[in-house]
Amino acid sequence: MERRRPQKNTDDFIFGIRAVIEAIDSGKEIDKILIKKGLGGELFKELFEKIRAFNVPFQYVPMEKINRITRKNHQGVLAFISPVTFYDVENFLPSVFEAGKNPLLLVLDQVTDVRNFGAIVRTAECAGVDAILIPEKGAARINADAVKTSAGALHVVPICRTKDLKKSVIYLKESGLKIAAATEKASYSYTQADLSGPTAIVMGSEEKGIEPAILRLADEQLQIPILGKIESLNVSVAAGLLVYEAVRQRVLNP
């Protein structure tokens, strides 16, 4: 018996130049647009003007990459539709202060695994994290798998997205948030840090860690003790430990 190939979920992407233009015009939240390298023509020019005007993330890719997603008449353009609305952290953070809250944010640098991302969002929602900040490039796609893994928390926790993660972390720092970065290079344990005030906890990928330029911005670099032979924790587990340490301190020192 011939094994059937699993079908891709067509609910989270649209294709074709005109269809993508209409999606932008209708206000759909677009995660990213893939564009075939070398694409041209008047209709594409109209699309590109829309992409620039609405600040939609895009990427030039080989035709083969789009063909792997769909073989239908995509005309060299495919857009991933996001199930969530993205926020601008510079517009969002003031509202947290105005509400009289003690901000707690998560910053995810190069966390690209969808299921890890979903698990982190689920923990963040349970812990009352105010928002999660991610970069436009080098972040997990927010799709049906991410929503499912988050147990629906992606529809609750605000996701802020930025073109320049370093610049946004500087903004958080200048806004009075302590930048606490998790790294195995740190000299002391995360339980020794003061996370009771306005804080942004920065997590990196298991493979690459936190970008050095962002790590240098940290007010504190925190280590999670590893006593076994495996060198690191799953990033979603590590994020949970740090977030709940902040919660513990805030409950003890409200």
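I take helix axes as lines fitted to C-alpha atoms over the stretch in contact, with angles running from 0 to 180 degrees between N-to-C directions. Helices (H or I, at least four residues) and strands (E, at least two) are DSSP runs, numbered from the N terminus.

I am working on a predicted model, in which local features need pLDDT of at least 70 and side-chain atom pairs count only at pLDDT 80 or more, while totals for chains, interfaces and linings use all residues. Residues are numbered from 1 along each chain as its sequence is written, and side-chain values use heavy atoms, with hydrogens and water left out.

**Entry 1, α1 and α2.** I looked up how these two helices pack, and found that the axes of α1 and α2 come within 10 Å and cross at roughly 25 degrees. The two are therefore roughly parallel to each other (angles under 35 degrees count as roughly parallel, over 145 as roughly antiparallel, 65 to 115 as roughly perpendicular and the rest as oblique). The crossing of α1 past α2 is left-handed (the near helix is turned anticlockwise from the far one by less than a right angle; clockwise would be right-handed). I listed the contact (heavy atoms within 4.5 Å) as Ile17, Arg18, Val20, Ile21, Ile24 and Asp25 of α1 with Leu43, Phe44, Glu46, Leu47, Lys50 and Ile51 of α2.

In α1, residues 17-25, I found Ile17, Val20, Ile21, Ala23 and Ile24 buried (under 20% relative accessible area, with exposed over 50% and partly exposed in between, for a 1.4 Å probe and protein chains only). Their arc around the axis is only 160 degrees, which puts them on the same side of α1; the arc is that of the directions from the helix axis to the C-beta atoms. I noted that their cover includes β1 (13-15), β2 (30-36), α2 (42-53) and β4 (77-81). After α1 comes Gly27, with a positive phi near 85 degrees.

I found helix α5 (residues 114-127) packed on helix α9 (residues 235-252) at an angle of about 15 degrees, with the axes 9 Å apart. Here too the helices are therefore roughly parallel to each other, and α5 passes α9 in a right-handed crossing.

I read that the axes of helix α4 (residues 89-98) and helix α7 (residues 165-174) come within 11 Å and cross at roughly 25 degrees. That makes α4 roughly parallel to α7, and the crossing is right-handed. Val89, Glu90, Leu93 and Pro94 of α4 meet Ser168, Tyr171 and Leu172 of α7.
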